[in-house]
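Subject: Structure handover

Hello,

Please find the structure below. Some notes on what was found in it follow.

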Amino acid sequence: MGFSAMPIPASQIIDWEKQTAHLSHKMIALRAGIGWIGRNNLLVHPEYGAKIRLVTVLTDLPLIENRTVEGDCGECRKCIEICPAGALKESYKDYDKKACLDKLKNFSKTYGIGQYICGLCVKVCDAGR
């Protein structure tokens, strides 16, 4: 269509200690109306929960502005209950980034893993179901 575009992959972490990347796919998705920030500190889609993978495409194509999604986790606390680091609290604002990272480092030492990965909060998030 003659417009410029540049994809920003989902898994390019710049700083694991600060848990930052080139940009926040989560905040872009929030503002695009894809979901809300859940207790798990992740974007939660109304139908798919936290079981989504985000990528951002930067473009100069004129787009129609979306509305933000009004939603929350309601009474669900499955992610808080399953978090092996105890990093999740009642509000995403109280997320303990250091506790999560420490647990990821510990998991990465497990034979056959070698990556900073957990995903238990993603697995149990079933918003919309």
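Helices (H or I, at least four residues) and strands (E, at least two) are DSSP runs, numbered from the N terminus, and the expected span of a helix is 1.5 Å times one less than its number of residues. Helix α3, residues 97–108, has 12 residues. From its first C-alpha to its last α3 reaches 16 Å, close to the 16 Å expected at 1.5 Å a residue.

This is a predicted model, in which local features need pLDDT of at least 70 and side-chain atom pairs count only at pLDDT 80 or more, while totals for chains, interfaces and linings use all residues. Residues are numbered from 1 along each chain as its sequence is written, and side-chain values use heavy atoms, with hydrogens and water left out.

Confidence
The predictor's confidence in each residue is given as pLDDT, from 0 to 100. The protein chain has a mean pLDDT of 89, with 98% of its residues at 70 or more.

Cores
A residue is buried under 20% relative accessible area, exposed over 50% and partly exposed in between (1.4 Å probe, protein chains only). A nonpolar core is a set of buried Ala, Val, Leu, Ile, Met, Phe, Trp, Tyr and Cys residues joined through side-chain atoms within 4.5 Å. The largest one has 8 residues: C79, C83, A87, L88, Y95, A99, C121 and V124. A second, separate core of 5 residues includes W36, V44, A50 and C125.

C121 lies in helix α4 and counts as buried because its relative accessibility is 17%. Contact means heavy atoms within 4.5 Å; beyond its neighbours within four places in sequence, C121 is in contact with N40, L42, C79, I82 and L88. In α3, the buried residues are A99, L101, L104 and S108.

Pocket
A pocket is an open set of points on a 1 Å grid over the protein atoms alone, where a 1.4 Å probe fits, with protein on both sides within 12 Å along at least five of seven lines; lining residues have an atom within 4 Å of a point. The largest pocket is lined by 38 residues, and I13, W16, Q19, N41 and L42 lie nearest its centre. Helix α3 gives the most to this lining, with 4 residues.

N41 lies in the loop between β4 (36–37) and β5 (43–44). N41 counts as buried, because its relative accessibility is 15%. Leaving out neighbours within four places in sequence, N41 is in contact with K26, Y92 and Y95.

Regards
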